[in-house]
Amino acid sequence: MNKKVCRILVGMVMALALFPLVASGADQVIKLGTIFSRTGPIANLGMESWRGAEMARLLQNEKGGVLGKKIVFVDTDAPDAKAAVAETERLCTVEKVPVILGSFSSSICFAASAKSEQYKVVYWELGASAKKITERGLKYLFRTCQHGDGGGEQQLQFAAEVLAPRMGKNRNTIRIASVYEDSGYGDAWAAGIREMAKKMGVKLVLDESYNHKATDLSSLVMRIKAAEPDVILESSYENDGILLFRQIRELGLKIKMFVGSGGGMNLPGYRQGSGDGVDNHVCNVGFPGYNLNPSYAKGIEKLADLYRKTFKQEPEGVFSLVNYMGAMALWDVIKRAGSLNSEALVKAARETNISGDDTILRYGIKFAPPGAPDMGQNILARFFVTQWQDGKLHIVWPDEAATPGRKLVVVK
Amino acid sequence: MIFIQILVNGLLLGGIYALISIGLTLIFGVVRVINFAHGEFLMISMYISYYCYSLLGLNPYWSLLINFPLMFVIGMGMDQIIIRPLRNAPAYMQVFATVGLSILLINLVLFIFTGDYRAIDLPFAKKVVQVGGIYLNYPRLIIFSATVLITVLLYLFLKNTDIGKQIRAIAQNRTAARLMGFKLNRIYMITFGIGSGLVGIAGGLITPVYYVYPTVGVYFVLTAFVVVVLGGMGNMIGAFLGGLIIGIVDSLSGYYIDPSLKETVYYVIFVLVLIFRPSGLMGLVGAEEMGMK
Amino acid sequence: MREPKAYFPFLLFLLLLLFILLVDRPFYLNMIFMILLFAGLSGAWNILGGFGGQLSLGHSAFFGLGAYTSSLLFVKCGIPPILGMFAGVGMAFALAAVIGIPCFRLKGPFFSLATIAIAEVLQLLAVYFKRITEGSEGLSIPFRPSLYNLTFESRNRYALVAYCFAVFVLAISYAIQRSRLGYQLAALRDEDQAAESLGVNTVWTKMAALLISGGLTAMGATIFSQYILFLEPHSEFSIDTSVNLALISMIGGLGTAIGPLIGSFLLIPLQEFLRTWIGGKYQGLHLVIYGGLLIAVVMFMPQGIIAFISRKYEALLSRLPSFSGRKAAPFAPAPPDIGPFFLQNRDFPQGRKETSKIIEVQNLSKHFGGLKAISHVSFSVQRGEILGIIGPNGAGKTTLFNMLSGVYKPDQGYVNFQGRRISGINKSHALCRAGIGRTYQLVKPFENMSVLENVMVGSFCHERGRKKSMEIALEVLNFVDLKNKKDMLAQEITLADKKRLEVARVLATRPQLLLLDEVMAGLTPVEVQEATELILNIRDYGITVIVIEHVMPAIMSLSDRVLVLAQGEKITEGTSAEVVNDERVIRAYLGEGHELA
């Protein structure tokens with residue numbers, strides 16, 4: 001029995017070892033790589049992000065693909081940075097893709113893009129939030145979405161300039177607390193909040209981080225209670241977001257407004273888990289979902305249908321849209337480059353100047369030029385403000401983007 | 001006032017930790033295996049509760065009647081299929097088998113149910129009771145009471161029933177127990193079953209409080225081990241007290257020191273307990289050595 | 001170098017080196033890099049875990065510490081990683097020093113749990129002190145290829161560095177395995193109390209293993225950081241890494257030097273291929289398979305792959321040509337009956353009893369809770385005599401031995417050995433080195449070592465070198481008549497031989513005083529006779545012996561004097577004839593009413 005099992009195992013390993021030698025050689029397609037976390041603790045967020053890129057691919061292929069060829073993805077799973085590096089190596093040296101799309105997770109992006117840079121492969125970041133990603137002077141890295149630091153700044157601005165007056169206060173009297181989970185995501189947004197607070201002269205009554213794996217946040221809630229904030233600016237994933245919301249309620253703390261940063265607080269699971277107490281109280285500065293006003297985001301309904309058809313579930317998440325938009329921009333870059341040569345792609349990318357009228361999220365795409373401290377970052381990117389109302393997440397700001405019939409509700 | 005609230009929070013939290021750890025201390029104390037898949041049993045039972053609720057409309061407190069027997073059977077199965085063939089192998093083999101099982105279970109659930117978070121939104125779960133300015137949350141109160149009840153019942157079971165006595169005997173000296181004619185394998189299987197069933201109850205009770213996703217067990221399992229060691233392996237009352245202590249430490253250090261350092265505090269306590277009193281609060285001194293050979 | 005046993009592995013390594021230098025495909029080179037790096041890291045873990053039996057599941061503490069130390073020094077102070085690596089090793093040493101001594105008191109799963117907790121604490125601290133470590137945002141390491149930065153454009157160079165690391169760790173593992181440290185580790189892994197009684201300072205030995213293990217892990221971590229160029233606490237201090245390191249050694253073959261390499265060649269490609277083949281398509285399926293395979297391997301190959309392939313390997317070797325031209329030289333010639341070793345031990349000529357007291361016990365008492373195990377016992381033993389201790393079961397005889405050999409501290413009274421107070425010392429290894437050796441009632445051979453190796457643990461008590469240690473061990477084996485079984489595993493020999501082994505082992509530590517605890521239990525009359533002769537021979541070489549026995553004829557003929565214990569108290573002492581007729585002794589053994597009328 002032992003020997004048989006051994007032989008099977010050894011045979012399997014050997015078979016697997018020969019796998020990369022069996023090359024797939026079709027020339028009629030363009031192979032691009034994708035890196036997302038399909039397993040591990042943020043698996044659902046990684047998958048949701050991937051869906052955006054996938055939809056962009058499907059739609060473009062309907063139009064005949066790019067450069068006359070259909071686009072094919074080589075999808076990989078990177079639950080952590082180590083795997084990201086390994087997969088990047090594989091994509092660059094075995095699959096020899098000209099571009100890699102990814103990643104949602106900042107740590108994966110950090111690791112993978114450093115590697116792809118060595119291979120002179122373009123890394124097209126669609127959704128990761130750490131500001132430092134584009135502060136490394138990497139030539140082949142481009143990020144189409146807004147980073148968390150900018151998001152944090154927006155969070156504070158929103159609270160101090162939009163919410164405060166509607167709550168009968170001003171930027172000096174409004175009590176703002178910043179609470180964030182302690183991984184790269186929360187860190188980035190909180191840093192943005194802090195910087196903007198300093199710039200605007202707004203004082204934070206609380207600035208606390210917590211471990212997102214914690215099974216209990218009651219001590220954090222007690223600290224929040226002691227600070228007596230009017231508004232909580234929060235960066236949480238889904239599970240800790242739910243936990244925090246529930247425990248705030250359980251301990252009798254009444255917070256009028258939350259402004260989340262779209263990590264987990266804009267997911268349907270958050271609403272389901274936290275209950276209807278969320279409605280009208282929780283806003284999010286972050287990526288928008290599919291309930292954008294169709295007259296503002298042209299084609300959004302068709303996209304939602306495609307989502308339903310392809311993935312057989314309701315498009316309730318928010319990450320796929322921004323990933324979709326970024327990927328669509330990539331097709332434009334490839335078209336203008338006229339080839340898959342890295343230098344041509346980089347040149348075309350640098351020349352990108354897509355107007356906000358032509359994108360689904362209505363902000364443009366233009367990358368900071370070489371020499372700028374944030375080279376490769378889309379400087380026109382910005383976030384939207386959404387709010388939970390009647391069980392659904394609606395876009396409430398900017399006004400023209402808002403879901404028809406919806407506007408910001410502020411609880412006084 | 002704040003202090004009392006923090007203390008109460010800690011106690012209620014401790015009830016949760018204790019409930020999760022009781023099953024583990026029974027298994028650890030008797031079968032002497034570090035079961036890395038313990039958190040996954042919790043997770044599976046939470047999924048059971050969730051689907052009973054969403055597919056059958058069954059209130060999680062009623063579905064406990066399903067959780068317990070189902071997890072009991074699963075636990076016995078795990079013991080017979082995986083642990084039993086390795087009983088005489090070096091201890092680390094059992095540990096790695098449970099690690100493999102943990103990986104398998106997490107990803108099996110991920111594969112079948114995807115990683116989306118699911119939560120039960122019970123109106124009942126939001127009810128808060130105020131006693132003299134202190135906020136108490138209903139489901140947590142229920143968990144706390146359930147923990148007390150289960151601890152007492154288990155204690156009586158171990159003390160007074162035949163099987164209970166056999167379990168305790170084996171925990172203290174398996175060689176002697178075998179020489180006395182106890183059928184060790186059967187007892188181990190039953191113990192694993194009971195321990196898993198208890199985790200099943202824990203999962204069912206905490207589903208209204210938490211949320212369900214494949215890696216939820218990972219967050220609880222290390223704390224459970226801390227509680228088990230603190231309380232004394234194999235000791236029910238110890239697990240109960242240990243859970244409460246850890247809950248209070250969590251709550252106090254989170255508030256007075258720093259929310260992001262509270263886990264550090266109890267891991268440090270854990271290491272200190274291991275060094276200075278490895279038998280835990282209630283264990284017999286030297287008990288951690290007995291039955292190791 | 002002419003035997004296939006020697007040159008074949010050398011050829012394999014050479015082939016691997018050539019592969020690394022010549023192959024151009026980055027995919028394979030990266031795989032080799034990972035395989036060799038983890039072979040080295042796991043080999044480092046194996047020194048503590050496999051050789052020493054201390055299963056650490058928190059080695060990522062050393063890994064993360066090494067990675068962050070060298071990387072922070074590089075990023076923030078500009079110190080090249082090749083130097084920063086040593087700083088990392090230094091930090092690892094510091095960590096080992098802090099956690100080692102307290103944690104080594106823990107056995108089995110408790111030790112593992114403690115190591116897990118320590119790694120978790122370090123992870124949490126790394127996140128918390130983000131001003132130093134950049135916390136969860138992660139630390140980006142700039143790509144500046146150079147040898148000093150251990151960063152390269154070419155994959156071949158990375159693989160070469162990993163190769164050197166793996167070979168380095170392998171060499172150290174082999175060296176340890178053959179050295180005093182290795183023998184002592186193997187001994188304490190199997191039976192740590194017996195090891196202590198043979199002079200092994202288990203705490204320091206484990207500490208040495210931990211220092212080496214942690215230091216090497218930190219070195220590998222630096223190499224890794226300069227490859228991946230991005231650090232974050234959740235990855236570097238992760239429990240998955242710790243488990244992986246242990247797993248690789250376990251799959252390959254725990255406790256062997258080559259095991260980690262084999263395990264790494266199997267596990268790393270498996271993990272990678274599963275993920276690349278299936279991971280991109282389905283969520284989690286590849287890990288389901290991985291988990292299942294893990295369980296299967298653990299259940300069907302608990303000794304690791306090495307047990308399976310070593311037979312095939314031996315078969316392969318036997319078919320390869322040997323270049324030595326003749327059969328391998330026979331092992332060392334049989335030593336003469338009287339060797340130089342025993343002469344060294346002797347201060348006195350054969351058989352003459354000197355009047356100096358070798359050991360003096362005064363008013364010794366020990367209780368456990370309410371039980372008075374030993375109560376006000378006093379006696380002394382002359383150098384060169386054989387003292388027998390008899391008494392019914394439960395009389396406290398073994399407890400007395402335990403107090404004489406440093407296992408227990410007495411609650412009252414004292415023990416003097418050769419004029420020095422020893423009753424305060426409760427470290428049996430120290431007493432062993434001072435000259436007190438003991439055997440155990442239930443034999444505790446080091447099961448997984450050969451007979452010769454068992455005895456060598458004893459001779460390593462005073463010897464540092466392997467060659468001398470082996471010589472002494474062979475002489476002793478010859479003395480106890482076990483020489484022809486020297487290569488058999490200790491678990492394979494008969495009980496009588498195990499008892500011989502027990503005696504041989506302790507003789508190799510060159511005791512002045514030998515405590516034999518029921519060494520004749522379970523022996524046939526013929527074996528008893530042989531044992532008696534052996535003990536007399538031992539005494540003839542000037543070693544004082546105290547024997548606990550139940551086998552009356554033996555002890556009566558053996559002992560110069562006899563001491564009788566019952567219920568913790570000394571009833572009487574005297575010559576065998578005196579004692580056997582003493583009414584109190586008869587009453588104690590046989591109960592009332594059996595006295596000679």
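In β11(C), Ile389(C) has Leu563(C) as its bridge partner. That pairing belongs to a predicted model, where local features need pLDDT of at least 70, side-chain atom pairs count only at pLDDT 80 or more, and totals for chains, interfaces and linings use all residues. Residues are numbered from 1 along each chain as its sequence is written, while chains are lettered from A and ligands numbered from 1 in the order in which they are written. Helices (H or I, at least four residues) and strands (E, at least two) are DSSP runs, numbered from the N terminus.

**Strand β5 of chain C**

- Buried is defined by 20 or more other C-beta atoms within 10 Å of a residue's own; exposed means 12 or fewer, and partly exposed lies in between, with C-beta atoms placed from the backbone.
- Ile386(C), Gly388(C) and Ile390(C) point one way from β5(C), and Leu387(C) and Ile389(C) point the other way.
- In a regular strand the side chains alternate between the two faces of the sheet.
- Within β10(C), Val547(C) is the bridge partner of Gly388(C).
- Two strands pair if DSSP finds at least two bridges between them.

**Chain C overall**

- Chain C holds 25 helices and 12 strands.
- Its C-alpha atoms fill a box of roughly 95 × 65 × 45 Å along the principal axes.
- Of its 597 residues, 55% count as buried.
- Among contacts in chain C with a separation of 6 or more, 73% join residues 24 or more positions apart.
- A contact means that the C-beta atoms of two residues, placed from the backbone, lie within 7 Å.

**Helix α12 of chain C**

- α12(C) has 15 residues and reaches 21 Å from first C-alpha to last, close to the 21 Å expected at 1.5 Å a residue.
- The expected span is 1.5 Å times one less than the number of residues.
- α12(C) is mostly covered, with 13 of its 15 residues buried.
- Gly255(C) follows α12(C) and has a positive phi, near 85°.

**Chain C against chain B**

- 35 residues of chain C are in contact with 38 residues of chain B.
- On the chain C side, α5 (108-128), α12 (239-253) and α14 (285-300) each supply at least two residues.
- α5(C) gives the largest share of that side, 13 residues.
- The chain C side divides into 26 nonpolar, 6 polar and 3 charged residues.
- Ala, Val, Leu, Ile, Met, Phe, Trp, Tyr, Cys and Pro count as nonpolar, Asp, Glu, Lys and Arg as charged, and the others, Gly among them, as polar.

**Chain A against chain C**

- 39 residues of chain A are in contact with 33 residues of chain C.
- Elements giving two or more residues to the chain A side include α1 (2-18), α2 (43-62) and β2 (70-77) of chain A.
- α3(A) gives the most to the chain A side, with 8 residues.
- By class, the chain A side has 20 nonpolar, 8 polar and 11 charged residues.

**Sheet in chain A**

- 5 strands form an open sheet with parallel pairing, in the order β2-β1-β3-β4-β5 (chain A).
- β2 and β5 (141-143) of chain A stand at the edges with a single partner strand each, so one side of each is left without a neighbour in the sheet.
- The twist averages 25° from one strand to the next.
- β3(A), residues 99-102, and β4(A), residues 122-125, pair in the parallel sense over 4 bridges.
- Ile100(A) stands opposite Tyr123(A) in β4(A).

**Pro79 of chain A**

- Pro79(A) sits in the loop between β2 and α3 of chain A.
- Pro79(A) is buried, with 23 other C-beta atoms within 10 Å.
- Its C-alpha atom is separated by 7.8 Å from that of Ala43(A), 36 residues apart along the chain.
- Leaving aside neighbours within four places in sequence, Pro79(A) is in contact with Ser37(A), Thr39(A) and Gly40(A).

Definitions and conventions: Axes are lines fitted to C-alpha atoms, for helices over the stretch in contact, and angles run from 0 to 180 degrees between N-to-C directions.
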